[in-house]
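Hello,

Here is the structure we talked about going through. Please open it next to this email, and then read my notes below.

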Amino acid sequence: MLYTKCNKKKIIALVDCNSFYVSCERLFNPKIKNVPVVVLSNNDGCVISRSTEAKQIGIKMGEPYFKVKHLVKKNNIAVFSSNYALYGDLSRRVMNILKKFSSCIEYYSIDEAFLDLTDMIIENINDYIVEMKKIIYQYTGIPVSIGVASTKTLAKVANFLAKKKDNGVENLTIRSSNEINSILQKIDVRDIWGVGSQLSKLYKKNNINNGYELKIKNTAWIRKNTNIIGLKTVAELNGISCIDFNDGENAPRKSCCVSRSFGKKVETLQELEQSITSHCLNAAEKIRQDQQLVKSVVIFIKTSPFDQSNFISLSKKVDLPIATDDSFVLLDICLKALSEIFIKGQKYQKAGVFFLGLQNKENYQANLFSIKDSEKSGKLMKILDDANLKFGRNFMSVGDVGFRGSWKMRRDYSSRIDTSDFECLPTVNSG
DNA sequence: TCTGGGGTCCTAGGACCC
DNA sequence: TCTGGGGTCCTAGGACCC
């Protein structure tokens, strides 16, 4: 049944921006063009983007910053806090260009997209992707790698190869199956898309060490020892496309989470209330933007998981009788839930809000008990959202978000670049 | 009061991704 | 001293029903 959809060989391209966050910072700062650069996660916690030079020095993806600080110092690595407003803006520009190369496109992440080229009339795929890469660079300054293959999983493999090549593109659809097999033999099973730390442990224990060994593994064994996703990965390595292509531009979100670690540990209820308030309001704004309503709410607070002996994680779920997008209602629920789970005397490290069971507002409206109330609330929420859009996040707020709380996120190395700010335009000297 | 099996639905938790 | 955030999907197991 898994295979029935696949009667025609597909042509799928995966476009992936190279060291995306680093590339974004480099656009506005030519001085860091050929030097090692890293970008840190929120709170300056971990390394989440590395330039080629930084990779060569041995900085690993996801490593805590404090553990590599000595390497940073010794090698003069340029360090940046993440600036998601900037990355989001540049991502949109790249994706807009990709739209011109295929009408069937899946925005997979901030720096990646799948393009289905199956039904397009293209004389030469290789020329097409070389052109695509060139245009993206010319229009945005962002370098990308492009891999093409008959399935998403193989397109990931192709992209993995493309990243190591000078021209930055790889097309597996023109390679023989023998060539593909020998390529897969050289790829560690952990590097196959869909194989994470747990699966790779299981595979290696059972002598499946590379992509080829996974490809030829008996499917009954895979089914018995993993799950449907494991089975799909194997099918895809065999050229059978069975992972859905999600080209719905606005596939609605099913859940929405806003959470943050604190810049320093938090012990008081008041500070937790401020952070939960801020997260709740931000999440509410997000779902209103998407015309969605919330059916249940979860809030959580936890101490640091790295302090194993003292780790606690507290949470509470509340189901709403009527789905809503009203910040007042949601905030009320969140703060009440917080007061119920709060335990004194703990050093909290993180707090967050989940909105679950999101549903489309249009479809739900008719079920509301009081249309009038919801209209009133809708107008008020719109004023709130418009003001915050115009004057910046949290300009207008409903509760106490503690404007200068010492618990707020650390961002010590931000480039503070804003693409809507003229001051940030680079200066060009003509002579 | 004791007995069985099979179905659905829901949820918590885990694994994975970037 | 200092270890990100936001998603999706799948499964096992419990509750409930007949």
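**The DNA side**

A polar backbone atom of G196 sits 3.3 Å from a phosphate oxygen of DNA strand B. For V195, a polar backbone atom is 3.1 Å from a phosphate oxygen of DNA strand B. For S197, a backbone N or O atom is 3.3 Å from a phosphate oxygen of DNA strand B.

Keep in mind that this is a predicted model.

Which part of DNA strand B do the atoms within 4 Å of the protein belong to? Sugar or phosphate, for 100% of them.

There are 14 residues around DNA strand B. Those that come nearest are S109, D111, K156, G194 and L199. By class, this surface has 5 nonpolar, 5 polar and 4 charged residues. Strand β5 (105-109) and helix α8 (197-205) each supply at least two residues of the surface. The largest share, 3 residues, comes from α8.

**Confidence**

Chain A has an average pLDDT of 91, and 92% of the residues score at least 70. Residues 1-6 have a pLDDT below 50. Beyond near neighbours in sequence, that stretch has 10 contacts in the model.

**The cores**

In soluble globular proteins, nonpolar side chains tend to be buried together. Now to this chain. The largest nonpolar core has 37 residues. Which of them touch the most other members? They are V15, F20, L98, L115, M132, I136 and I146.

At least two residues each come from the strands β1 (12-17), β2 (37-40), β4 (78-81), β6 (112-116) and β7 (144-149). The helices α1 (20-27), α4 (84-99) and α5 (125-140) also supply at least two each. The largest share, 7 residues, is from α4.

Another core lies apart from the largest one. This other core has 32 residues, including V266, L320, I333 and V401.

**Two residues to look at**

Start with N96, in helix α4. Is N96 buried, partly exposed or exposed? N96 is partly exposed, because its relative accessible area is 39%, between the cut-offs of 20% and 50%. The side chain of N96 makes a polar contact with the side chain of K99, at 3.2 Å. For a sense of distance, pick N96 and F306. They are 210 residues apart along the chain, and their C-alpha atoms are separated by 41 Å.

Then go to T303, in strand β10 (residues 292-303). T303 counts as buried because its relative accessibility is 5%, and the cut-off is under 20%. What lies around the side chain of T303? A polar atom of that side chain is 2.8 Å from the backbone nitrogen of I312. The backbone oxygen of N310 lies 3.3 Å from a polar atom of the T303 side chain. Setting aside residues up to four places away in sequence, T303 touches N310, F311 and I312, and also Q346, K347, Y348 and Q349.

Best wishes

Note on methods
Residues numbered from 1 in each chain as written. Chains lettered and ligands numbered in written order. Predicted model: local features only at pLDDT ≥ 70, side-chain atom pairs only at ≥ 80, totals over all residues. Heavy atoms only, no water. Core = buried A, V, L, I, M, F, W, Y, C linked by side-chain atoms within 4.5 Å. Buried < 20%, exposed > 50% of the residue type's maximum accessible area, 1.4 Å probe, protein only. Helix = DSSP H or I, 4+ residues; strand = E, 2+ residues; numbered from the N terminus. Near = heavy atom within 4 Å. Polar contact = N/O pair within 3.5 Å; in protein donor to acceptor, adjacent residues only side chain to side chain. Nonpolar A, V, L, I, M, F, W, Y, C, P; charged D, E, K, R; others polar. pLDDT = per-residue confidence, 0-100. Contact = heavy atoms within 4.5 Å.
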